[in-house]
Every structure is written in structure tokens, then in C-alpha cells.
Amino acid sequence: MNWSIDFAPVLPTPVFWVLGAIALLLVGYLLFKRSRGAVLRACALAAIIAALANPTLREEQRESLSNVVIAVVDESASQTLGKRPEQMTAVKDALEAKLKKIPNLTVKWIEASRPGDTTSPGTHLFADLNKALSDTPPDRLAGVIMLTDGEVHDVPKTATSLGFDAPVHALLTGAPDEFDRRIQVLKAPRYGIVGQSRDIEVVVKEAGKQTDGSEPVALKVRREGREDERITTTIGRPVTIDMPFPHAGQNILEVELDTAPGELTPANNRAVIAAEGVRENLRVLLVSGEPHAGERTWRNLLKSDAAVDLVHFTILRPPEKHDGTPINQLSLIAFPTRELFSEKINDFDLIIFDRYQHRGLLQLPYYDNIARYVEEHGGALLVAAGDDYAGNLSLFRTPLSPVLPATPTTRVLSEPFKAHLSDDGRKHPVTEDLTGAGPKNGKPSWGRWFRQVEVIPDHGRVLMEGAKDKPLLILDHKGKGRVALLTSDQAWLWARGYEGGGPHTDLLRRLSHWLMKEPDLEEERLIASAKGLKLTLERHSMNDTVGPVTLSAPGGETSQVTLEPAGSGVWRTTVDVKIPGLYKAQTKADTGELTAVAHAGIDDPIEMSEVTATADKLEPLSDATGGGVFWTASSAQAARDNPGDVSVPRISMLANAKVLAGSGWMGLKDREAYVTRGVKLTPMFTGFTALSALLLLLALAWWREGR
């Protein structure tokens with residue numbers, strides 16, 4: 001119960017105070033003149049004022065509310081290092097036990113700055129604290145206790161910006177004498193031209209240990225396809241390292257720093273630089289054996305690709321044509337055979353023969369050059385054949401035959417058919433998800449073609465089949481290069497939209513780029529991706545089974561991951577990782593070792609650049625709020641040897657103190673908050689009671705004056 005007196009004057013407040021002042025002056029005058037009955041007149045005036053004030057006795061039924069303390073637990077990446085997880089568990093248990101002993105106290109535990117829950121780099125405890133304060137009444141907040149290593153990146157500059165009047169305490173994990181070394185990347189490229197190199201710049205940083213910078217440290221540099229290199233440098237001295245780009249797609253360079261004795265963690269002793277290797281504009285040579293409807297389809301496709309430089313020749317007048325027209329009257333350009341197929345053949349990334357026949361325009365040694373260009377120099381050859389491939393002048397009858405994947409039977413199948421995917425075609429990235437392909441054993445929705453050369457595959461993979469289920473598209477790896485054979489010249493029907501057309505653009509563009517070794521179109525691929533702390537590994541292969549993947553964590557630990565089937569030619573699995581950072585996946589394939597990297601959590605250089613525990617960042621704010629900062633371990637050695645042996649200060653509840661921390665103790669504000677459950681109002685001086693008292697006092701005053 002709680003009692004109080006409320007006043008609700010029956011007159012406007014200014015009028016009431018004016019009348020009160022007049023009454024006071026009148027009483028003062030009567031007392032000054034020593035008028036008979038002055039005291040009784042004063043009492044009568046007081047009764048009138050009291051009646052006008054309308055006093056009411058207020059009786060409240062109050063229920064006491066508990067004090068609230070918010071305990072913010074730092075779950076950032078730096079709290080997973082060394083023995084800090086065990087130390088944090090011990091600190092949390094000890095604090096929870098002490099808080100439970102305090103009566104009328106509610107504890108709100110907040111897990112803050114958990115990797116994957118935020119996109120902001122660094123440790124942001126106060127952002128999560130503000131979320132918890134949104135449903136916490138400020139008049140009940142007894143204090144805030146932060147369990148952290150002190151590396152907090154959103155500490156308010158002033159205590160007033162907190163929005164509450166309560167102490168902020170910090171219990172620090174780690175130890176005051178920790179030290180750590182790390183690699184900081186100062187400069188790194190995001191891409192590079194294939195066959196060239198670019199410089200990266202790194203420096204070794206040290207925290208928590210005072211050195212003169214002359215101590216030598218060793219860096220191990222790993223490059224793809226090269227032997228490891230060791231570089232000796234000193235603390236704080238930038239080092240320039242050459243990064244080669246041997247192939248298109250992702251190129252990786254890894255720099256590792258030897259772990260020093262007593263160092264907090266080796267997790268930041270490794271830096272992996274992943275950059276895209278891009279080619280200069282791809283050069284394509286298109287040779288059309290004669291003008292035909294499909295010629296423009298190839299030309300338009302290649303000309304529309306900004307990454308392709310196209311050189312196109314169409315044979316308009318074969319050498320055997322003799323019609324008596326003088327040579328000096330022909331407005332034709334001579335076919336530069338020597339320049340294209342001998343001197344500059346290696347400048348091209350892809351050579352396409354479109355309905356080309358051997359009519360003597362190219363001498364036999366040039367075909368041999370093309371074969372060596374594919375097998376020895378890693379070039380690419382595409383033969384888009386019509387009935388020319390089945391005749392006596394077929395390219396198969398030249399020295400080019402050793403690299404061609406199929407032998408013609410000399411038979412041309414002239415009948416309507418719908419191209420469809422083979423079993424390999426449903427796995428291969430060139431054809432696996434072509435629009436309109438339909439389900440397995442179903443019919444595609446594409447338009448029909450009407451002519452196809454019958455061939456017998458010698459090697460390679462058949463991705464598409466046509467009339468009578470004969471091979472329509474064959475892809476093959478030959479030596480260092482690649483070869484493709486399309487046994488029909490009627491892809492232009494799809495381009496014209498005949499019977500609804502078909503995915504000619506996707507098919508021909510993917511085919512061209514696969515031949516030119518586009519990384520995203522490789523049959524054997526390993527892909528790593530991450531969302532939060534969930535790491536997904538995906539493997540693409542033409543084989544029926546794939547081996548396990550070796551996964552390397554940021555600290556250097558490795559584990560074997562088995563992938564599960566996830567579709568035709570696809571295996572996938574998702575694993576939960578504990579530490580955010582760069583993960584490296586490796587596995588073996590028929591084509592060599594496959595490597596992929598991914599960042600789990602967020603790419604947080606701020607978090608991993610400052611991992612040694614410190615009191616400097618939180619101490620100014622704690623002092624301004626009356627709180628304190630306390631180490632829970634006396635030394636780094638003690639934290640490593642016995643992380644469960646922690647020191648948590650004594651906790652006291654104080655009502656009006658301004659200093660709420662001292663040696664071995666910390667205080668919380670007792671806010672004495674309550675909620676009113678009921679109110680009873682009783683008039684004190686109104687009605688008959690007030691009138692009787694007023695008449696009595698007036699009568700006594702007149703009686704006293706009459707004596």
C-alpha cells in the first residue's frame with residue numbers, strides 16, 4: 001500500500017493562487033494589528049482555501065517490478081580462437097550463478113555478433129544491445145554486462161548516446177599479455193590476363209608483443225602448377241609477390257606465415273588470393289566452304305559476342321571453276337592460306353569449318369598444321385558438316401582425320417527428325433539444361449531438321465542424336481586441344497523459328513566457348529559456395545561416381561567430405577563450419593586436380609585483423625557510466641593451461657550510488673520500479689464536513705470578537 005494526497009482545485013489554478021495570496025496577506029495584516037480573533041479568522045480562511053483546493057486521499061496498490069540486467073555474449077569469430085570457447089563457457093556459468101542469487105532480478109542473455117547473422121564486418125555488440133533495449137523499460141534496467149574479448153567495433157563515443165542511465169560492465173575473455181601475428185594483404189588484383197602476371201603486396205603485422213621489427217619471419221608462397229617458394233622478411237615490411245594467371249577462370253595464390261611460439265592463433269597466418277583469369281578477346285577463324293543458309297547464323301552469333309574477334313572467309317569461287325573470266329576482272333579477295341594456316345594459326349583460339357570440302361584450296365600440309373595446332377598447342381576445332389562430310393572431298397580424307405572424332409559412312413540421312421539429348425548430353429554443361437529438351441525418353445519441343453550425315457564415333461562423347469538415333473553432336477578432348485563435330489548443317493532452321501525453332505543461340509554459343517575452354521563449361525568442375533556458416537560443395541562430372549573432397553579450414557585443419565548425388569552428373573552436400581574465413585576444397589578428377597575456394601560467414605578482415613584481447617576500447621565508456629572492465633584470466637599461459645579457472649567479480653545491488661565498480665566487485669542499479677494495480681480516492685474536505693468546519697470557525701471568530 002502507498003498513500004498520498006492529491007489536490008484538484010475547483011477554481012482555475014491562477015485564480016486559486018491569487019485568492020491564497022490575498023488570504024495570506026489578510027491574515028498577516030490581522031496578526032500585525034493584533035486584532036481580536038485573528039487566529040480564528042486565519043483558521044476560517046485556511047478552511048476556505050482547503051475546501052477550494054479539493055484535497056483527495058490517494059491509496060495505491062503497488063506491485064514491485066524486478067530489475068533487469070542484460071548480459072551480452074560476444075559470439076564473433078575471434079571468440080572461437082584458442083581456449084576462448086572454454087573460457088567463455090566458464091565465465092558465463094559463473095556469472096549466471098552469481099546473478100541467480102540476487103532477488104528480484106531478471107537476466108536477459110543476448111548472443112551478439114554471431115557470424116552469418118550480419119553483413120557488417122567486425123564485432124557489433126551495441127547494435128544487438130539496442131535491439132534488446134527495444135523491449136526493455138529504461139526505468140527497470142539495472143545494468144549491462146558484456147562478455148567479450150574487448151575487440152568491439154561499434155562502441156558509442158559518449159555515454160549519453162546509449163539512451164539509458166545504467167552501468168556498462170565488461171568481463172574480458174583472453175588475457176592481457178596475448179600476442180598474435182597475421183598477414184595483411186595490402187594490394188591484390190581481382191583479375192588478370194591469361195599468360196601474364198600481376199603483383200600482390202602483403203605485410204606481416206604483430207599485436208600484443210613489442211619487437212624492434214628486425215626479427216625475421218618466413219612466408220611460404222604456393223602457386224598453381226609451381227613449386228612452393230619461401231620468402232624471408234621482417235615484421236611490418238611490405239613484400240611484393242608475383243601472381244601468375246596460367247588459365248582462364250579462378251586462379252589461386254596462397255601465402256602462409258609460420259606460427260610463432262605462444263601465438264594466439266594461426267587462423268590469420270594464411271591469406272588466399274583468388275582472382276579471375278580472363279583472356280584477351282578470343283580470336284575465331286570461320287571458314288565457310290560455300291554460301292548457304294546457315295552461314296549467316298554462325299556469323300551473326302559470333303559477331304554478337306563482345307568477347308570474340310571474328311575473321312570470316314567464304315569460298316565463293318573454288319579453284320576448279322573455269323568459266324573463262326579473266327582473273328583481273330574478279331572482284332574477289334584471294335584466300336590467304338599461308339598466313340592463316342601456317343604463320344598465324346596459333347593466334348586463333350578456335351577454327352570453324354562450315355560446310356567445307358577439300359577442293360585443293362588448302363594444301364595437305366596445312367591440314368597437318370591444324371592437327372598439330374589442336375594436339376600440341378591446345379587449339380580448338382569445330383566442324384559443322386553437311387553432306388560435304390560424307391563425300392570424297394570430306395575433311396576426313398585429309399591429314400586432319402586423326403583429330404576428328406567420327407568416321408563418315410558416306411551415307412546422308414535425308415528425312416525429318418527432332419534432335420534429342422543423349423545420356424551424356426544430359427550431364428554435359430554444353431547441353432544439360434537446353435530449353436525444350438524435355439524429360440528423358442520424352443520428345444523435345446524443338447523444330448525438326450531434315451538432313452544429317454551418318455557417322456561412326458571413334459572417340460569422344462555423343463551429346464546429341466538425330467535421325468535414327470545417329471550421332472548429331474560429338475565433343476572430344478584431343479591432346480591439349482578440343483574438337484567438336486556437328487553432323488548437320490541445318491541449325492539455321494532453329495534460328496528462323498521453323499516449327500517453333502530451338503535453342504540455337506545457347507547451343508552454338510556454349511559449344512564455341514567450351515571449345516575455347518570456358519571454365520564454367522568444363523565437364524569436371526568443383527564449386528564451393530557459402531551462406532553464413534553453411535558451406536556447399538558441388539561437383540560436376542561425366543563419370544558415374546566421384547571421390548571425396550578434401551576441405552581445408554582457415555586454421556589449416558583438413559577433413560574429408562563425401563558428396564551426395566543431386567541430379568544427372570551432379571553431386572552436392574552442405575556442411576556446417578565453425579570458423580568463418582576462407583575454405584579451400586580439393587579433389588581429383590580425370591583431367592587433374594580440381595580446386596575451389598569459398599568464404600564462410602562474411603569476408604571479415606576487420607574481425608581477424610584484431611584478435612588479441614584488450615580493455616582499451618570499452619574502458620572509457622564503462623568509466624563514464626560508472627561501470628568497470630574486468631579480466632577473467634590473469635595471463636595468456638593461465639588461459640591456455642586452465643581455461644575453466646576464471647575470476648568473476650562480486651555483484652551488488654545499489655540504489656543511489658554513482659560509482660558502481662571497484663576492485664573485485666561490480667554494482668547494479670536497484671531501480672525500485674513498480675506497477676500500480678489499483679487506486680482508491682477518498683475526498684478529504686468537501687461537502688457537509690467542510691461546510692460544518694467553516695461555519696464553526698466563523699462562529700468562533702465572531703464570538704471571540706464580541707467579547
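Colleague: A strand is a DSSP run of E, at least two residues in length, and strands are numbered from the N terminus. With that settled, how many helices and strands does the chain come to?

Modeller: This is a predicted model, and the secondary structure of its chain comes to 13 helices and 37 strands.

Colleague: And how much of it is buried?

Modeller: The chain has 707 residues, and 47% of them count as buried. Its accessible surface is about 34,600 Å², with 51% of that belonging to carbon and sulfur atoms.

Colleague: What share of the contacts comes from residues 24 or more positions apart?

Modeller: If we take the contacts with a separation of 6 or more, residues 24 or more positions apart account for 72% of them.

Colleague: Let's talk pockets. How much space lies in the largest one, and which residues lie nearest its centre?

Modeller: The largest pocket holds about 1,500 Å³ of space. Its lining is made of 47 residues, and those nearest the centre are His247, Ala248, Gly249, Gln250 and Pro519.

Colleague: Which strand gives the most to that lining?

Modeller: That is β32, which contributes six residues. Several strands supply at least two lining residues each, among them β10 (216-223), β13 (249-257), β14 (270-278) and β32 (592-600).

Colleague: Switching to helix α5, which of its residues are buried?

Modeller: In α5, which runs over residues 295-303, the buried residues are Glu295, Thr297, Trp298, Leu301 and Leu302. The elements that cover them include the strands β15 (282-288), β16 (308-314), β17 (350-354) and β18 (380-384), together with the helices α8 (492-495) and α9 (504-515).

Colleague: Now the surface: which residues form the nonpolar patch?

Modeller: The patch is formed by Trp3, Ile5, Phe7, Leu57 and Met684, and together they have about 530 Å² of accessible area. Strand β1 (residues 2-7) provides the largest share of the patch, with three residues.

Colleague: Where does Met684 lie, and why does it count as partly exposed?

Modeller: Met684 lies in the loop between β37 (674-683) and α13 (687-706). It counts as partly exposed because its relative accessibility is 39%, and that label applies between 20% and 50%.

Colleague: What about Lys669, buried or exposed?

Modeller: Lys669, which is found in strand β36 (residues 665-669), is buried, because its relative accessible area is 15% and the cut-off for buried is under 20%.

Colleague: What does Lys669 touch?

Modeller: Leaving out residues up to four places away in sequence, Lys669 touches Asn67, Ala142, Asp165, Pro167, Met653, Leu654, Ala657 and Leu660.

Colleague: And where is the place of Asp347?

Modeller: Asp347 sits in the loop between α6 (337-343) and β17, and with a relative accessibility of 40% it counts as partly exposed. Although Asp347 and Leu282 are 65 residues apart along the chain, their C-alpha atoms are separated by 9.4 Å.

Colleague: Last topic, backbone angles. What is phi of Thr410?

Modeller: Phi of Thr410 is near 75°, which is a positive value in a residue other than glycine. Thr410 is found in strand β19 (residues 406-413), and at 51% relative accessibility it counts as exposed, since the cut-off for exposed is over 50%.

Colleague: And what is phi of Asp469?

Modeller: For Asp469, phi is near 60°, again a positive value in a residue other than glycine. Asp469 is found in the loop between β22 (461-465) and β23 (471-478).

How values were computed. Residues numbered from 1 in each chain as written. Predicted model: local features only at pLDDT ≥ 70, side-chain atom pairs only at ≥ 80, totals over all residues. Heavy atoms only, no water. Helix = DSSP H or I, 4+ residues; strand = E, 2+ residues; numbered from the N terminus. Buried < 20%, exposed > 50% of the residue type's maximum accessible area, 1.4 Å probe, protein only. Contact = heavy atoms within 4.5 Å. Areas by Shrake-Rupley, 256 points an atom, 1.4 Å probe, with all protein chains shown as cover. Patch = residues over 30% accessible without salt bridge, like charges linked within 9 Å, V, L, I, M, F, W, Y side chains within 5 Å. Salt bridge = Lys/Arg side-chain N within 4 Å of Asp/Glu carboxyl O. 1 Å grid on protein atoms, 1.4 Å probe; cavity = no way out; pocket = protein on both sides within 12 Å on 5 of 7 lines; lining within 4 Å. Points joined across faces, edges and corners; volume = space filled by probe spheres on them.
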